[in-house]
Amino acid sequence: KFSFPHMLFISFMFFAFYCVKRFSQTRRIKFLLFAGVSFCIAAVGYNMSYLLVVPALFVYLLLLNPKNKKLWMIVGVFIIGGMMRYGSIIIGTLQVLDSRTIIEGLWGFLLSPGKSIFLYSPPLLILPLFWHKFPPKRLVPELISFSLLGATYLLFYASAKLRVDAYIWHGGMAWGPRYVALLIPFAMLLVFHIIRRLRRSAKFFIWYPLVIIGLFVQMLGTTSSYLLQYRNLPYNIFIGPLELIWYDYASFIP
């Protein structure tokens with residue numbers, strides 16, 4: 001119910017980045033058109049979170065084609081037009097963001113025992129464990145644009161509120177941190193470049209076990225109901241005058 005739209009959104013957005021890469025390699029305009037079509041399909045097929053992808057996608061396009069002046073002009077026109085078209089939405093979004101909750105949201109996405117992205121995608125642990133093995137010179141556009149994408153998503157959803165007393169970083173009833181699921185394939189691209197530089201011993205004792213654990217986690221997600229995490233839990237609890245519903249507090253339970 002909640003996760004399926006994300007899979008389609010992720011697929012088309014990832015394909016848009018891939019087509020941008022192919023355009024930079026071949027200079028064939030058809031790949032740029034494919035990227036635009038793929039992005040538009042993702043945009044109309046889900047909610048307005050596609051706006052969070054735009055900065056990283058434009059940065060990726062420009063970094064891969066730094067000497068293409070016409071492309072820079074076209075991107076500039078799109079940016080100005082987008083700011084005029086969605087200016088009120090952007091300002092409204094910035095007003096909704098709450099810096100007081102950002103620590104809770106980042107903790108929830110990265111380190112919490114109930115929603116950490118590393119728990120639901122264990123192979124991603126390669127990034128913090130072997131970051132020094134990453135070849136930055138070859139992948140500067142990817143590193144910059146993917147980092148921008150990750151920062152945009154994490155900061156937005158970590159601090160966003162559905163209403164005054166409801167925070168949405170946990171994603172409600174879902175298997176894992178669904179709001180930042182888009183980051184997984186992009187992060188895995190960086191992981192694979194690190195894996196190619198690891199020794200056999202590191203692959204055998206660290207990489208392969210993480211893959212096996214990841215497969216096990218995904219088997220749990222596909223064979224069990226996501227509602228299991230709420231079984232035998234009260235719908236709401238009170239800490240003094242503060243009311244927490246199970247979307248909030250269950251996200252911190254292993």
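This is a predicted model: local features need pLDDT of at least 70, side-chain atom pairs count only at pLDDT 80 or more; totals for chains, interfaces and linings use all residues.
The structure holds one salt bridge. In general terms, side chains of opposite charge can pair when their charged atoms come close.

The protein chain as a whole comprises 11 helices and four strands. Of its 254 residues, 39% are buried, and its accessible surface comes to about 15,100 Å², with 71% of that area belonging to carbon and sulfur atoms. Among contacts with a separation of 6 or more, 72% are accounted for by residues 24 or more positions apart.

The largest nonpolar core of the model has 57 residues, and the most contacts inside this core are made by Tyr-153 and Leu-182. At least two residues of the core are supplied by each of helix H1 (4-26), helix H2 (29-45), helix H3 (54-64), helix H4 (69-96), helix H8 (140-159), helix H9 (183-195) and helix H10 (200-223). When neighbours within four places in sequence are left aside, Leu-182 is in contact with Phe-9, Ile-10, Met-13, Val-53, Leu-149 and Tyr-153. Apart from the 57-residue core lies another core, of five residues, which includes Tyr-230, Trp-246, Tyr-249 and Ala-250.

Aromatic side chains give a count of 16 pairs. One of them is formed by Phe-31 and Phe-34, whose rings are arranged edge-to-face, at 6.3 Å centre to centre and with 85° between the planes. Both residues lie in helix H2, where a spacing of three residues corresponds to about one turn of the helix. The two partners can also be described by their accessibility: Phe-31 is buried, with a relative accessible area of 10%, whereas Phe-34 counts as partly exposed, at 40% relative accessibility. A further pair joins Phe-204 and Phe-205, and this pair is classed as edge-to-face because the ring planes stand at 85°, the centres being 5.1 Å apart. Phe-204 counts as exposed at 54% relative accessibility, and Phe-205 likewise counts as exposed, at 62%. Elsewhere, one aromatic cluster is formed by Phe-14, Phe-17, Tyr-60, Phe-146 and Phe-186.

Turning to the strands, S3 (residues 236-239) and S4 (residues 242-245) run antiparallel and are joined by four bridges. Within this pairing, Asn-236 stands opposite Ile-245 of S4, and Phe-238 has Glu-243, also in S4, as its bridge partner. The hairpin made by S3 and S4 has two residues between the strands, and Gly-240 in this hairpin takes a positive phi near 65°.

Most residues other than glycine have a negative phi. Arg-27, although not a glycine, has a positive phi of about 65° and is situated in the loop between H1 and H2. Asn-232, again not a glycine, likewise has a positive phi of about 65°, and its position is in the loop between H10 and S3. With a relative accessibility of 75%, Asn-232 counts as exposed, since this value lies over the 50% limit.

Key. Residues are numbered from 1 along each chain as its sequence is written. Side-chain values use heavy atoms; hydrogens and water are left out. Two strands pair if DSSP finds at least two bridges between them. A nonpolar core is a set of buried Ala, Val, Leu, Ile, Met, Phe, Trp, Tyr and Cys residues joined through side-chain atoms within 4.5 Å. Buried means under 20% relative accessible area, exposed over 50%, partly exposed in between (1.4 Å probe, protein chains only). Contact means heavy atoms within 4.5 Å. Accessible areas come from the Shrake-Rupley method with a 1.4 Å probe; for residues, only the protein chains shown count as cover. Rings of Phe, Tyr and Trp (its six-membered ring) pair if their centres lie within 6.5 Å; planes under 30 degrees apart count as stacked, over 60 as edge-to-face and the rest as tilted. A salt bridge is a side-chain nitrogen of Lys or Arg within 4 Å of a carboxyl oxygen of Asp or Glu.
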